[in-house]
Amino acid sequence: MKALVWHGKEDIRYDTVSDPQIEDARDAIIKVTSCAICGSDLHLFHNLVPAMLPGDIMGHETMGEVVEVGSAAGATLRPGDRVVIPFTIQCGECEQCRRGNFSVCERSNRKGELGDKVFGHRTAGLFGYTHLTGGYPGGQAEYLRVPFADTTHIKVPDGIDDEKLLFLSDILPTGWQAAAQAEIEPGDTVAIWGCGPVGQMAIRAAVLMGAQQVIAIDRLPERLSMAAAAGAITVDFERESVLDRLNELTGGRGPHKCIDAVGTESHVSLGQPDTLYDRAKQMVMLETDRPHVLREMIYACRPAGVISIIGVYLGLVDKIPLGQAMNKGLTFRMAQAHVPRWTDDLLRRIEDGQIDPSFVITHKVNLAQGPEMYTKFRDKADGCIKVMLKP
Amino acid sequence: MPLTNVTGIARSDGDPRLISKGPSSLTGTDRLTRALGWFSVGLGLMEFLAPGPLARGVGLEGKRGLIRAYGARELASAIPTLSVDKSVGLAARLAGDMLDLNTLSTALKRSNPKRHNARIAVALVAGVTLLDFLAYRAVKAAHRRKGSSVHDYSERSGLPRGAPASLGLARNESATPSAHQPTAAMGGASPSPRAQS
């Protein structure tokens, strides 16, 4: 089969690889009908995530049709079923899964000992990501083996386009969780840093959850225009002071809820001197992340507010003003998305016409064009916000 | 991949194996820049660790300390050149090329018996400077945002009922999961207890 394969920094190739096989009774094989490039794939593209091996297949936003089912997965899946695959793999049985904390499933990371050593305790297996999270082959491919397939799938009905359903795999529940864990209440002002795909979903989620005022912060005009389309007030951090604008919009008190949809790779510029410091340290491996947004959120947030972190961080951050956070009484909520916790509800909202996630797709191309699309997406060229790939 | 080497992690037996390589996202400019970065590492190490032979070779015996400092500079410029911020590294390399040419020009005096070697060194540095310039120009062009290509997505609300009518639709619905509460989203599956290997 054909697949997008990681070979090293900035080196993604459209390779021919062997077809996946059923390895366990709970496995299924799906024929991929649509997949996408995620912002967190760029961390792999930039080789910022440790424990990747040349030859690893990329991709964790995938949907398709079931073509083969292991003997223990037959109770819930049959060949021909149309499914979206969550980016987290969940056993459905461990204590964390029973609590709904699917992204920290205790059993799905097949290299859990490594996760135990690096994170203290293992987290869930992920598709197309580092070997710290199992090193499972990803879904930017023609076929995908789904481990624990009986519980790692979202069945979706016929009659709705892939474009509307694909993002149940990641960015829609991820953006939704960002807003949900911010505990938005009517009357709240919610500030969202980063108007990439997850930020865009978080904006829509905040609106649906009743935020009185949603403020979207980015520097790219096309992303800001998309944010404004959902009613957000936009702030271009290259043209205006984020802190001044937030204070102006909140009577000097700051937003009640702050959402970080940027994560580890904050934009580096002279206007944000701390990002130069972080980038320099990152280059010589003295720091793994550039937490500019986190610092700014702590400073900007209203006392007793909530900081919701959904942008991916990798490891060690520096110069975090924890004293400010503690004295202001801020609450921190963060996690990789517990995808199945939200997807039944979100599928209902898609069917009900409350949200149509296809708005975010700016480029739809053949899988063979994947390598060049990684570069285009990274460079934000040609108005690229979200790439959908068709095998 | 130091971690993978230290831990000895490997792909699992059943995972798809590479059969043949296809087109890469790496461009010719990326490869040239990478080569220039590794050239910086090699030259920088040589200048830093063995400035004496280099100084003698071009008749600049009194400038060992300067050549060692240039070695450190080369190594420093290699870091961004080999990173994703290539333009920063290439700009640093170009500035360094100018310093190198300026220093080598002092070895072109008639009184220098190694003048011939110095001429060759100047020609080599000039050639590398040209490569640095071409790579820098190509990298800047590849990553430049073109003003005329700004896209307007102000019609893409993603909220089919419109933003004002969508406000608060998800509030006070009993079916809406909370950030603290699990749901029955796993359905009625009764999976076998065997873990994946």
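Student: Let us begin with B:D85. How accessible is it?
Tutor: B:D85 counts as partly exposed, because its relative accessibility is 25%. Buried means under 20% relative accessible area, exposed over 50%, and partly exposed in between, with a 1.4 Å probe and protein chains only. Please note that this is a predicted model, in which local features need pLDDT of at least 70 and side-chain atom pairs count only at pLDDT 80 or more, while totals for chains, interfaces and linings use all residues. Residues are numbered from 1 along each chain as its sequence is written, chains are lettered from A and ligands numbered from 1 in the order in which they are written, and side-chain values use heavy atoms, with hydrogens and water left out.

Student: Which side chain does B:D85 meet in a salt bridge?
Tutor: Its partner is A:R279, at 2.3 Å from N to O. A salt bridge is a side-chain nitrogen of Lys or Arg within 4 Å of a carboxyl oxygen of Asp or Glu. The pair crosses between chains: B:D85 is in the loop between helix 4 (64–81) and helix 5 (86–105) of chain B, and A:R279 is in helix 9 (residues 273–283) of chain A. Helices (H or I, at least four residues) and strands (E, at least two) are DSSP runs, numbered from the N terminus.

Student: And is A:R279 buried or exposed?
Tutor: A:R279 counts as buried, at 9% relative accessibility.

Student: How many salt bridges are there over all chains?
Tutor: There are 38. One of them joins A:D27 and A:R145, whose closest N and O atoms are 2.6 Å apart.

Student: What does A:K390 form a salt bridge with?
Tutor: A:K390 pairs with A:D162, and the closest N and O atoms are 3.7 Å apart. These residues are 228 residues apart, A:K390 being in strand 18 (residues 387–390) and A:D162 in helix 4 (residues 162–165) of chain A. A:K390 is partly exposed at 29% relative accessibility, whereas A:D162 is buried, with a relative accessible area of 11%.

Student: Which residues are linked in a network of salt bridges?
Tutor: A:E10, A:R378, A:D379, B:D30 and B:K86 form such a network.

Student: On to sheets. What is the strand order in the open sheet of six strands?
Tutor: The order is 13-12-11-14-15-16 in chain A, with parallel pairing. Two strands pair if DSSP finds at least two bridges between them. The edge strands, strand 13 (233–236) and strand 16 (331–334) of chain A, each pair on one side only.

Student: Where does A:S308 come in?
Tutor: A:S308 stands opposite A:R333 in strand 16 of chain A. Strand 15 (residues 306–309) and strand 16 of chain A pair in the parallel sense over four bridges.

Student: What is the order in the open sheet of four strands?
Tutor: It is 4(A)-1(A)-2(A)-1(B), and the pairing is antiparallel. Strand 4 (56–57) of chain A and strand 1 (18–20) of chain B are its edge strands. In strand 4 of chain A, A:D56 is the bridge partner of A:W6.
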